Amino acid sequence: MFIRLPIVLLATASFAFAAPATLATVNGKTITTTDANAFMAKALPGMSFEKLDPKMKRQVVDQLVNQALIKNEVMKSGIQNTAAFKARYAAIKDDLAVDMWMKQEMGKITVTDKEAKAFYDANKDKMKEGDKTVSYEKAKKEIMQFIKLEKFKAHMNKKSESLRATSKVEVKL
């Protein structure tokens, strides 16, 4: 019994670190199970490539091959060198940076159980499902999300006011 356990753990550990399997190649570029799982995560969150039946796996691989071929064609076209593309790309890049920064700021906001309970107690008359009062434990998650969002709005308003105070802003309406 003691001998088998380490062998099983060793086999499991080596399997976990195996390189992704190659599913296809397109003009020398490999498409792997990692690519297929990334595709699946976007298309059907929670579903992995390995769980698909062979027919569906083939459809996913065909889709990834088609995407790679189109991507190659797009790169050959030179569209990424046009002024229109560069302008749109800059806008997307800026929007992505703002989105990531806002998520980072949101992550800094905390809500304590004490705050959530105080909110619940102050609004208990509104915590109803039909004519029954919802328990604190059942409402806690939504209350914490609501308080976090309200704190975030207040934080962003304060940040905007601070930025306006230290910047030259001219509204011309």
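Predicted model: local features only at pLDDT ≥ 70, side-chain atom pairs only at ≥ 80, totals over all residues.
**View 1. Helices and strands along the chain.** Helices (H or I, at least four residues) and strands (E, at least two) are DSSP runs, numbered from the N terminus. Residues are numbered from 1 along each chain as its sequence is written, and side-chain values use heavy atoms, leaving out hydrogens and water.

View 2. Of the 173 residues in the chain, 17% are buried; buried means under 20% relative accessible area, exposed over 50%, and partly exposed in between (1.4 Å probe, protein chains only). The chain exposes about 14,200 Å², with 62% of that coming from carbon and sulfur atoms. Areas come from the Shrake-Rupley method with a 1.4 Å probe, and for residues only the protein chains shown count as cover. As for contacts (heavy atoms within 4.5 Å), take those between residues at least 6 apart in sequence: 48% join residues at least 24 apart.

**View 3. A nonpolar patch on the surface.** Here Ile70, Val74, Met75, Ile79, Phe85 and Tyr89 share about 560 Å² of accessible area. Elements giving two or more residues to the patch are α3 (54–77) and α4 (83–107), and α3 brings the largest share, 3 residues.

View 4. Isoleucine 70 sits in helix α3. Why does isoleucine 70 count as exposed? Because its relative accessibility is 56%.

Technical notes. Patch = residues over 30% accessible without salt bridge, like charges linked within 9 Å, V, L, I, M, F, W, Y side chains within 5 Å. Salt bridge = Lys/Arg side-chain N within 4 Å of Asp/Glu carboxyl O.
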